[in-house]
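The following exercises are to be worked through with the sequence and the structure at hand. Each task is followed by a stepwise solution.

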Amino acid sequence: MSAEFDCQQCGACCAYFRVSFYWAEADDAPGGTVPAHLTEPVGPLHRCMVGTGAKPARCTMLQGQVGREVGCAIYEQRSSTCRELMPGDEKCLKARRHHGLPT
Ligand code: SF4
Ligand code: SF4
């Protein structure tokens, strides 16, 4: 495992992957949290965050500059996909490498 990373000084994963999840995580479904208007369809059952559906990807809710200082504008409402990606895991390292950040 790599050194610990500070996500608030990174944001690489929010500006690399297609951030997709089951449609009902959006707030037009009962119990959903992600604002539906910030998502776009990915097939019949999934959605992704606007900005991440094509390369170069960058979630429109990512504030700040990748690798400097960043924040998520909907942190409390973010999807399970956002919550599950952990600093130091395989996807994290891949995104950081893409942005030229140390791993
Ligand atoms: S790429 Fe890793 S360190 Fe950077 S914000 Fe995502 S989880 Fe955090
Ligand atoms: S919703 Fe927030 S945590 Fe999820 S990809 Fe967008 S900026 Fe990152």
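**Exercise 1.** In which helix does L93 lie?

*Solution.* L93 belongs to helix α2, residues 90-98. Helices (H or I, at least four residues) and strands (E, at least two) are DSSP runs, numbered from the N terminus. L93 has a relative accessible area of 14% and is therefore buried; buried means under 20%, exposed over 50%, and partly exposed in between, with a 1.4 Å probe and protein chains only. Between L93 and A12 the C-alpha to C-alpha distance is 9.1 Å, although 81 residues separate them in sequence.

*Conventions.* This is a predicted model, in which local features need pLDDT of at least 70 and side-chain atom pairs count only at pLDDT 80 or more, whereas totals for chains, interfaces and linings use all residues. Residues are numbered from 1 along each chain as its sequence is written, chains are lettered from A and ligands numbered from 1 in the order in which they are written, and side-chain values use heavy atoms, with hydrogens and water left out.

**Exercise 2.** Determine how many salt bridges a search of the whole structure finds, and identify the partners.

*Solution.* Step 2: the partners are R47 and D28, whose closest N and O atoms are 2.8 Å apart. Step 3: the pair links distant parts of the chain, 19 residues apart, with R47 in strand β3 (residues 46-49) and D28 in the loop between β1 (20-22) and β2 (39-42). Step 4: R47 counts as buried because its relative accessibility is 15%, while D28, at 46%, counts as partly exposed.

**Exercise 3.** Describe how strands β4 and β5 are joined.

*Solution.* Step 1: β4 (residues 62-65) and β5 (residues 69-72) run antiparallel and are joined by four bridges; pairing requires at least two bridges found by DSSP. Step 2: L62 has C72 as its bridge partner in β5. Step 3: three residues lie between the strands of this hairpin, and G67 in the turn has a positive phi of about 85°.

**Exercise 4.** Which residues surround ligand 2, and how do they divide by class?

*Solution.* Step 1: the residues with a heavy atom within 4 Å are C14, V19, M49, C59, M61, L62, C72, I74, R78 and C82. Step 2: this shell has nine nonpolar, no polar and one charged residues. Ala, Val, Leu, Ile, Met, Phe, Trp, Tyr, Cys and Pro count as nonpolar, Asp, Glu, Lys and Arg as charged, and the others as polar.

Conventions: A salt bridge is a side-chain nitrogen of Lys or Arg within 4 Å of a carboxyl oxygen of Asp or Glu.
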